Amino acid sequence: MPSYLTEPTYRHGSPALTGVLLINLGTPEAPSAPAVRRYLGEFLADPRVVEIPRLLWWVILHGIILNVRPRRSAAKYASVWTSEGSPLKVHVERQAKLLRGRLGLAGQQVRVDYAMRYGEPSIPATLSRLKAAGCTRLLLLPLYPQYAASTTATAIDAACAWLQTVRNQPEVRTVRSFADHPGYIEALAASVREHWASNGRPTSSYRLVMSFHGLPRYTLDRGDPYHCECQKTGRLLAEALGLAQEQYQICFQSRFGRAEWLQPYTAPTLRALARQGVQKVDVICPGFPADCLETLEEIAIEGKATFIEAGGREYNYVACLNERDDWIRALADIAASHLQGWPTTTPPDPSSLELSALRARALGAPS
């Protein structure tokens, strides 16, 4: 017989609530080899992430990777770790708080929480908490602007696996992607414009490098739309900034293993630009709505070293959207468009806290 999770105590007359769940990839609990090993073990064991025969991959993963990589990766995590913990977790938690405030001021009476596909807080535990709070409607919002089977799909897989354990299932909606959402594109463009205002506008010897996370080439050949959606985001961002085709470059980072991945690769691209005489690059990572190891260490630190050592003169990293007001507005627009038809909207409460106060709380300011 199937075994279901224990249902929360039902209270007659309790209002049916709506929950919004932000989902990101995940992070180790600490910048230590044991914590990284646990995280990588869960992440790399996902068949959506590595699509090779399971037995062969199990031998490689447990025989080589988990014995070699955790210590090296832990040192990289330590270089970007903050007093509050993992940068990714800190930013996503703040995004959830700010989104709740933004939706509330717009009259959307919803609960907002966040979860990680790998690590903590887990998707099943957070969904159970939202259900226990009375949420009978759930919007799943993976924080991946461009859809990929190894990111968006596996997050939805985890939510669906939780649903299989629930007797009284809630209604569920999902956000597939938002690669071309106007608010998202404009937030990216505004971040670059602000950077230019502080660091100088493009010259003839300039490139804006847009670095997206890479995937194996076979994902494109098998029908994954990720590559195309990255290209679309890059094109729309360049158009919003008024850049000519020769002033920007789309590339892909974080290659792992010996197989061919989506090209061009970021590090060789930075090296080639410097050797071609490009003196200045600004690098932005549009596929990452929150700063993390891949942006703060691989791009901001390693990328700079690669470019300068190859002869480049000036290298700047443009931070991810993180807690920008325009990004939180875009995120609220994305959520609100998918909440349509659910009874969540009420007139804004004039006595509610102003958004500035909510923002200050989310960013850690004292109440």
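This is a predicted model: local features need pLDDT of at least 70, side-chain atom pairs count only at pLDDT 80 or more; totals for chains, interfaces and linings use all residues.

Reader: Which residues of H11 are buried?

Author: The buried residues of H11 are Asp326, Trp327, Ile328, Ala330, Leu331, Ala332, Ile334, Ala335 and Leu339.

Reader: And what do the buried residues of H11 pack against?

Author: They pack against strands E1, E3 and E4, and also against helix H3 (87-105) and helix H6 (182-199).

Reader: What follows H11?

Author: Glycine 341 follows H11, and its phi is positive, near 95 degrees.

Reader: E1, E3 and E4 came up just now. What is the strand order in the open sheet of 4 strands?

Author: The order is E2-E1-E3-E4, and the pairing is parallel. Strand E2 (111-118) and strand E4 (171-174) are the edge strands, each pairing on one side only. On average, neighbouring strands of this sheet are turned by 25 degrees against each other, direction ignored.

Reader: How many bridges hold E1 and E3 together?

Author: Strand E1 (residues 17-26) and strand E3 (residues 135-142) pair over 7 bridges, in the parallel sense. Threonine 18, for instance, has arginine 137 in E3 as its bridge partner.

Reader: Which strands does helix H4 lie across?

Author: Helix H4 (residues 123-132) lies across E1, E2 and E3. Relative to E2, helix H4 runs at about 160 degrees.

Reader: Turning to E8: how many of its 5 residues are buried?

Author: In strand E8 (residues 314-318), 4 of the 5 residues are buried, so the strand is largely enclosed by the rest of the structure. Strand E7 (residues 280-284) runs parallel to E8 and is joined to it by 5 bridges. Aspartate 282 has asparagine 316 in E8 as its bridge partner.

Reader: On to aromatics. How many aromatic pairs does the structure hold?

Author: There are 9 aromatic pairs. In the pair of phenylalanine 307 and tyrosine 315, the ring centres are 6.1 Å apart and the planes stand at 45 degrees, so this pair is tilted.

Reader: Are phenylalanine 307 and tyrosine 315 buried or exposed?

Author: Both phenylalanine 307 and tyrosine 315 are buried. Elsewhere, Tyr39, Phe43 and Tyr118 form one aromatic cluster.

Reader: Which rings have the charged end of an arginine over them?

Author: The charged end of arginine 173 sits over the ring of tryptophan 342, 4.0 Å from the ring centre. Likewise, arginine 176 places its charged end over the ring of tyrosine 147, 4.4 Å from the centre.

Reader: Where is threonine 151 found?

Author: Threonine 151 is in helix H5 (residues 149-163). Its relative accessibility is 17%, so threonine 151 counts as buried. Leaving aside neighbours within four places in sequence, threonine 151 is in contact with Tyr144 and Gln146.

Notes. Residues are numbered from 1 along each chain as its sequence is written. Side-chain values use heavy atoms; hydrogens and water are left out. Rings of Phe, Tyr and Trp (its six-membered ring) pair if their centres lie within 6.5 Å; planes under 30 degrees apart count as stacked, over 60 as edge-to-face and the rest as tilted. Buried means under 20% relative accessible area, exposed over 50%, partly exposed in between (1.4 Å probe, protein chains only). A charge sits over a ring if NZ of Lys or CZ of Arg is within 6 Å of the ring centre and within 35 degrees of the ring normal. Two strands pair if DSSP finds at least two bridges between them. Helices (H or I, at least four residues) and strands (E, at least two) are DSSP runs, numbered from the N terminus. Axes are lines fitted to C-alpha atoms, for helices over the stretch in contact, and angles run from 0 to 180 degrees between N-to-C directions. Contact means heavy atoms within 4.5 Å.
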